[in-house]
Amino acid sequence: MKHYDFEISLFVDGELAEEDKEKLFAHMAACKECRNTFEEYLRLKEKSKDFFIQKMDKLKNKDAGKNKFYKISFYASAAAAVILIMLLAGGKERTAYIAKTEVKYDTVYVSEKSESAGQIKKLPAPQAVKKKETSKQDEDSKIIEYVMSLPSEKITEADLVKQENGSM
Amino acid sequence: MIFEKKRSAKELFQTYSGDVFNYSLSILKDYDDAKDAVQEVFIRFIKSEETFRGECSYKTWLLTITRNYCYRKSEGKSNQLQKIDGALPNAYEMNIDSSISLNDALAELSKDEYEIFYLREYAGYSYLEIAEILKISVDNVKVKLYRVRQRLRKYLK
């Protein structure tokens, strides 16, 4: 029986004429050897391509050795830029946060001195804060005490306002 | 006229400089030489553009120039190399049917076989393009590729 190795070689390259394809398929359906050849040619094609790709990459990368310093410095500066941007972005956020706490404290300091400092009562709702002259130290200790006595881990601005009013 | 010529050369450079470079690299096997070759090929192309009669595509014409240039350039080199390489085939013949890997077999292909296989498997050119570049007939391309495959299939594991 005639084998179709030559036609298979054309077929794996996509260069076999349409009318010959039918003949080849019909033959391959019956011929195990030609199916085997077909499979081998496909594998050969794949492996050869890998071989060339590897070889060409190697040749291209030979030059990379010469310019390695520039490449490394390029990547290093790129990395440095990324880190710098991240730091800048991070710094911005932190500043914003500090500004927030400052605002909180501003609210806290607008408070009234209580005569029964230390005794803490909670009011159901925050009321308008009246301003009174008070020593800063007293106020601070009061706030700290109150904060320490809070059961929850989360202290909100409202809690602080409550405390100030509660000791009225 | 001059402007047009320049522009078309530029377009061709943008489209095909990669192909020219890879082909040069496959023949010259040196990065810097291949880069020089790209420049040289396009200079030659611009100089000889008027003689182009459209018998083949610009691509194959460029690659033909590439081939001519690279082989002339590697002639001096290969003369030196052949003396060294001469000892190798014998060493391989001794253990030809033992454990030569496919990659070894591919590396051992003759210059012509290597080139045609490169053009087909790496560059992916059609038989017609290969025939034009190598200045052989399409039937010849078919036969050559078939023979290379028949030889290499033994080394598949």
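B:Arg120 is buried, with a relative accessible area of 12%, because values under 20% count as buried. The model described here is predicted. The points below treat the chains, their interface, the salt bridges, the nonpolar core and the aromatic rings in turn.

**The two chains**

- Chain A has 6 helices and 0 strands, and its pattern along the sequence reads α-α-α-α-α-α.
- Chain B has 8 helices and 0 strands, which gives the pattern α-α-α-α-α-α-α-α along the sequence.
- In chain A, 26% of the 168 residues are buried; in chain B, 41% of the 157 residues count as buried.
- When contacts in chain A between residues at least 6 apart in sequence are considered, 63% of them join residues at least 24 apart.
- For chain B, 65% of the contacts between residues at least 6 apart in sequence join residues at least 24 apart.

**The interface between the chains**

- The size of an interface is often given as the accessible area lost when the parts come together.
- B:Tyr122, B:Arg149 and B:Arg153 supply 22% of the area that chain B buries against chain A, which is more than any other three residues.
- The contact draws 30 residues from chain B and 27 residues from chain A.

**Salt bridges**

- Side chains of opposite charge can pair when their charged atoms come close.
- Over all chains, 17 salt bridges are counted.
- B:Arg153 pairs with A:Asp5, with the closest N and O atoms 3.3 Å apart. B:Arg153 lies in the segment after helix H8 (138–152) of chain B and A:Asp5 in helix H1 of chain A, so this pair joins two chains. Both B:Arg153 and A:Asp5 are buried.
- A:Asp13 forms a salt bridge with B:Arg120, in which the closest N and O atoms are 3.1 Å apart. This pair also joins two chains, because A:Asp13 lies in the loop between H1 and helix H2 (18–30) of chain A, while B:Arg120 lies in helix H6 (residues 111–122) of chain B. A:Asp13 counts as buried, at 6% relative accessibility.
- A:Lys45 and B:Glu121 form a salt bridge with their closest N and O atoms 3.0 Å apart.
- Within chain B, the side chains of B:Arg149 and B:Glu121 meet in a salt bridge of 2.8 Å, N to O. B:Arg149 belongs to helix H8 of chain B and B:Glu121 to helix H6 of chain B, so the pair ties together parts that are 28 residues apart in sequence. B:Arg149 is buried at a relative accessible area of 0%, and B:Glu121 is buried at 4%.
- Through shared partners, salt bridges join A:Asp13, A:Glu15, A:Lys45, B:Arg120, B:Glu121 and B:Arg149 into one network.

- In soluble globular proteins, nonpolar side chains tend to be buried together.
- The largest nonpolar core has 61 residues, of which B:Tyr23, B:Phe117, B:Leu119 and B:Leu152 touch the most other members. Helix H1 (residues 2–28) of chain B gives the largest share of this core, 8 residues.
- Apart from its neighbours within four places in sequence, B:Phe117 contacts residues of chain A, A:Ser48 and A:Phe52. Its contacts in chain B include B:Leu106, B:Tyr122, B:Arg149 and B:Leu152.

**Aromatic rings**

- A pair of aromatic rings is described by the distance of the centres and the angle of the planes.
- There are 15 aromatic pairs over all chains. One of them is the tilted pair of A:Phe11 and A:Phe38, at 5.8 Å centre to centre and 40° between the planes. This pair links distant parts of the chain, 27 residues apart: A:Phe11 is in helix H1 (residues 5–12) of chain A and A:Phe38 in helix H3 (residues 32–66) of chain A.
- A:Phe11 counts as partly exposed, at 21% relative accessibility.
- One aromatic cluster is formed by A:Phe51, A:Phe52, B:Tyr23, B:Tyr114, B:Phe117, B:Tyr118 and B:Tyr122.
- The charged end of A:Lys2 sits over the ring of A:Tyr4, at 4.3 Å from the ring centre.

Notes. Residues are numbered from 1 along each chain as its sequence is written. Chains are lettered from A and ligands numbered from 1 in the order in which they are written. This is a predicted model: local features need pLDDT of at least 70, side-chain atom pairs count only at pLDDT 80 or more; totals for chains, interfaces and linings use all residues. Side-chain values use heavy atoms; hydrogens and water are left out. Rings of Phe, Tyr and Trp (its six-membered ring) pair if their centres lie within 6.5 Å; planes under 30 degrees apart count as stacked, over 60 as edge-to-face and the rest as tilted. Helices (H or I, at least four residues) and strands (E, at least two) are DSSP runs, numbered from the N terminus. Buried means under 20% relative accessible area, exposed over 50%, partly exposed in between (1.4 Å probe, protein chains only). A charge sits over a ring if NZ of Lys or CZ of Arg is within 6 Å of the ring centre and within 35 degrees of the ring normal. A nonpolar core is a set of buried Ala, Val, Leu, Ile, Met, Phe, Trp, Tyr and Cys residues joined through side-chain atoms within 4.5 Å. Contact means heavy atoms within 4.5 Å. Buried area is the accessible area (1.4 Å probe) that two parts lose on being put together, summed over both. A salt bridge is a side-chain nitrogen of Lys or Arg within 4 Å of a carboxyl oxygen of Asp or Glu.
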